[in-house]
Amino acid sequence: MTRDTTGDLRGALRERLDALSPGQRAELAERLRGRKAVRSPRRPLRFSLFYFANTAGDKDQPYRFLMETARQADRLGFAAVWTPERHFHDFGGIYPNPSVLGAALATATERVQIRAGSLVLPLHHPVRVVEDWSVIDNLSGGRVGVSFATGWHGTDFVLAPDKYADRRAYTFDTIPLVQRLWRGEEVGFPGPGDTQITPHIHPRPVTPELPVWITCSSNPDTYRKAGRLGANILTGLIGTETEQLAAHIALYRKERAAHGHDPESGTVSVMLHTYLEEDAAAARERCREPLREYLRGYLEQQSDMLDASGADAGGADIEAQLDFAYERYARQTALIGSPATVRGLLDRLADAGVDEAACLVDFGIPLEQAQRSIDLLAGVQEDYREAPDAMPAVSAASPAVPVIPEDSNGRDMSDPAAASAPSGTSAPLGIDQERMYRMQKALPPGPANYVTTALRIRGPLRPALIEDALRTVVARHEVLRTAFGEAGGEPFQRIGAPGEFPVLLERFDVTGVAPAERMRAAREIRTEVGRRPFDPDLPPLRLALITLGAEDYQLAAVKNHMITDWVSFTVFLKELFTVYGALLQGRTPDLPTPIPFRVFAEQERARLRGGRLDDQLTYWDAQLAGAPEPVTFPLKAALGGERPAQPSFAGHRAWMLFPEQTTKQLNALSRAQRVTPFMTAYTALAASLTRVTGEPDLILGSPTANRDRAPDSLLGLLLRPMLLRTRLRPEQTFRSALTDVRKIVSGALSHAEVPYQAMVDRFAPQHDTSWTPLFKLRYLFLRWDDPVTMSGLRLSPLDTDPKTSLYDSTLTLWDSRLGAFGRFEYALDLFDHDMVVQSIETFSTMLAAAVSDPDLRIGDLPDTSSTRYHVDEDELEAHLGSEALTQDRS
């Protein structure tokens, strides 16, 4: 760098400092005083649950803990669940075969990866390993992983005594054979007599390449061998300091690179005993006896192993050993404490090069307490996770790269001082903001452009602290203090400084209404709040708190779609109550530094330059070639087949409920065909729309989160419509149609980076701006969220009906533990209610028939039945056992 360049930079920096107000200078000075030496960005960490139990006191229902917490991990977005292979001892003896439990877990979960941690390879024939785990891979839809171990205990080798002496060499010689068999390559094995047999594995795995870990202790040679094989690492901290672990990981990555493997893509998973409470001291005390008993089982097993080898355990006082082991282990090498106190170890592990914390949770803590701990752990993982919605599954593919915290001028946006925009900052719109802006400019202003989410809150809420928390969250995120305008015909976003725009919590009270009418009164308030216009010169954000009674509230949050989508709403509400809890306890909230939406938008535009957008559009050129006009359900007879010149966007909702048997069959068929319930229900929807309209060539829309490269804490509009073109044939079976739909959805998802506006400009440049182009019916399939507890409050999502419909119609289905249900939201300008109800019955009847007998031909699926699927809102609420429905996710 030349002296002139240095002087220019210093001058620019001085100009920026001179522009700061006295208050901003004081705040910056305080931050600089508190900052430590500059460090590289923290390595992302995934989190998984690990099982290795001493179950001497839990013989009645030994697998309840495993199944309940595994389902919880699946709901909360953990990466994996691990089960070990242990034999003939209370210490882990309920896990004799990870493939058996893996099959059970595969059918009880939907997203989490099912891993063996570890499978003692010398005890198994490689063909049996591949057969077993291929079954699990099929049951889970491609979610398996296996860590191979050489074996520790001589008693285990009663199953294969001839393998004990050479177990290490056998393991590393056999792993490549397992990988070859998994790929479908021919491998010969000795048969009876002098014969040679080449087995063909059935069923064929879903995952092309088996994700393999090697279980390592403190032997550096094992790390080297794993690196040469290109495998991942599973290890622990017992007997190993983080500095030693860092050296082993560096050795492992060096060996990967030397043998042609990407050094950074290998995953290092570290086993850690884990238990969290808000109070760290209480957590350590609660763990004392359970973990001492766990460690007692561990020491007894080591004693068994020593006795088997003829060694002497030394006669040490076991109780003293346990006391020493617990104090050291709990404080230095385990995640036992509060969400705040365990971050030091997690940061050290990330700095050492660890990729995943495999959290051992079944060491004697009662199930209910363990579940609360896992809920807290889910909050911790949000600060370390690599991508927001991702359910990271380790495979041969490299993980998605999150957004880099720099703007176009190279400023570090992870620094709060750099990330905070000065007053009056302007920036171009994001890609999807620009699409929404064009849409809203063409339409009359109104609530159809708004998104409303609501919560029911039960507990000792302090409204004033909620308002303080709201101000804190708004100050953190630029997009919540952003207004929009135009200059020279170009739209832009104007970002206010923290505190520049007023942030108020509107308050309502319906306690004066008769108790039986309070829910209805609150619902009407939420609808009014959700429909009220925003001031165009202010950020489009509004919150309202409704008091229904003592410790009974509702919170409604309304935003213009320009600044939010459903994932952003989830992040917003989670942060709001995290900050509320911190304020309640008089501490600073522990939240990640937010990345400004304008920075993400700038980077996304840059990423789509250089031909990437053209490559994706080429796919859609072929996919949409010769496509007809998108169709929807029949319009009102009074319209004569013509749409109104100007839509009002008035909307209504009609609900449907599926029997428990249909829900079970839907999920079972989806698993059997290796498709998602989204695809199965979509196939039935396409079949019903073809039946009603007579059009076999359909284009429907479905939103994608578009967050593969976004940080967890990012707020803004990232939601992106995705097109699904489907051509069903009446003579094909529903099972065959599922195969076609799987290819359609997979192809669309692989090319979903194309902004919707780019699709419109290419395929419908002359469209009527009063109506959504390219598709008329929108489809979603979502998980129904159960209530959660945060900061001492019970939070339940609520449905709020703004009585609008931005699209012709939207079918949203939810999968709930009480059965699947759904709703049609439709434009009152276009459709009669009776027609919508009949469409619900047609779709639901065809879906029920298809999942009951998938070998029925599409043309033979019945469209009428004696079962009534359409229900009113009160019937659905009664079935769900709640006063309110799930939140909107449009």
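Val-158 sits in the loop that runs between β4 (144-149) and α6 (167-183). This is a predicted model, so read what follows as a tour of a prediction. Val-158 is exposed, and its relative accessible area is 59%. Together with Phe-88 and Leu-159, Val-158 makes a nonpolar surface patch of about 330 Å².

## Salt bridges inside the protein

Let's turn to charges. Side chains of opposite charge can pair when their charged atoms come close. The structure has 47 salt bridges, and a few of them deserve a look one by one.

Start with Arg-115 and Glu-356, a salt bridge whose closest N and O atoms are 2.7 Å apart. Arg-115 belongs to strand β3 and Glu-356 to strand β11 (residues 356-360), so this pair ties together parts that are 241 residues apart in sequence. Are the two partners buried or exposed? Arg-115 counts as buried, because its relative accessibility is 0%, and Glu-356 is buried too, with a relative accessible area of 0%.

Next up is the salt bridge between Asp-552 and Arg-456, where the closest N and O atoms are 2.6 Å apart. Asp-552 is in strand β18 and Arg-456 is in strand β13 (residues 450-458), so to speak two distant parts of the chain, 96 residues apart, that the pair links. Both of these residues, Asp-552 and Arg-456, are buried. Then there is Arg-598, whose side chain meets that of Glu-478 in a salt bridge (2.6 Å, N to O). This pair also links distant parts of the chain, with Arg-598 in helix α18 (residues 597-607) and Glu-478 in the loop between α15 (463-476) and β14 (482-487), 120 residues apart. Arg-598 and Glu-478 are both buried.

Salt bridges can also join up into a network here: Arg-653, Asp-799, Asp-801, Arg-823 and Glu-825 are linked that way.

Now for some helix packing. Helix α21 (residues 677-693) and helix α22 (residues 734-750) have axes that come within 9 Å and cross at roughly 115°. Which residues make the contact? On the α21 side they are Phe-678, Met-679, Thr-680, Tyr-682, Thr-683 and Ala-684, and α22 brings Phe-734, Ala-737, Leu-738, Val-741, Arg-742 and Val-745. As for handedness, the crossing of α21 and α22 is right-handed.

Most residues other than glycine have a negative phi, and most peptide bonds are trans. A few spots here go the other way.

Gly-117 and Ser-118 are joined by a cis peptide bond, with omega about 15°. Ser-118 is part of strand β3 (residues 113-120). Another cis peptide bond joins His-202 and Pro-203, and here omega is about -5°. Pro-203 is in the loop between β6 (196-197) and β7 (212-215).

On the phi side, Glu-551 has a positive value near 60°. Glu-551 is in the loop between β17 (541-549) and β18 (552-560). With a relative accessible area of 45%, Glu-551 is partly exposed. Leu-774 also has a positive phi, near 75°, and is placed in the loop between α23 (756-763) and β22 (777-783). Is Leu-774 buried or exposed? Leu-774 is buried, with a relative accessible area of 12%.

Technical notes
Residues numbered from 1 in each chain as written. Predicted model: local features only at pLDDT ≥ 70, side-chain atom pairs only at ≥ 80, totals over all residues. Heavy atoms only, no water. Patch = residues over 30% accessible without salt bridge, like charges linked within 9 Å, V, L, I, M, F, W, Y side chains within 5 Å. Areas by Shrake-Rupley, 256 points an atom, 1.4 Å probe, with all protein chains shown as cover. Salt bridge = Lys/Arg side-chain N within 4 Å of Asp/Glu carboxyl O. Helix = DSSP H or I, 4+ residues; strand = E, 2+ residues; numbered from the N terminus. Buried < 20%, exposed > 50% of the residue type's maximum accessible area, 1.4 Å probe, protein only. Axes fitted to C-alpha atoms, helices over the stretch in contact; angles between N-to-C directions. Left-handed = near helix turned anticlockwise from the far one by under 90°. Contact = heavy atoms within 4.5 Å.
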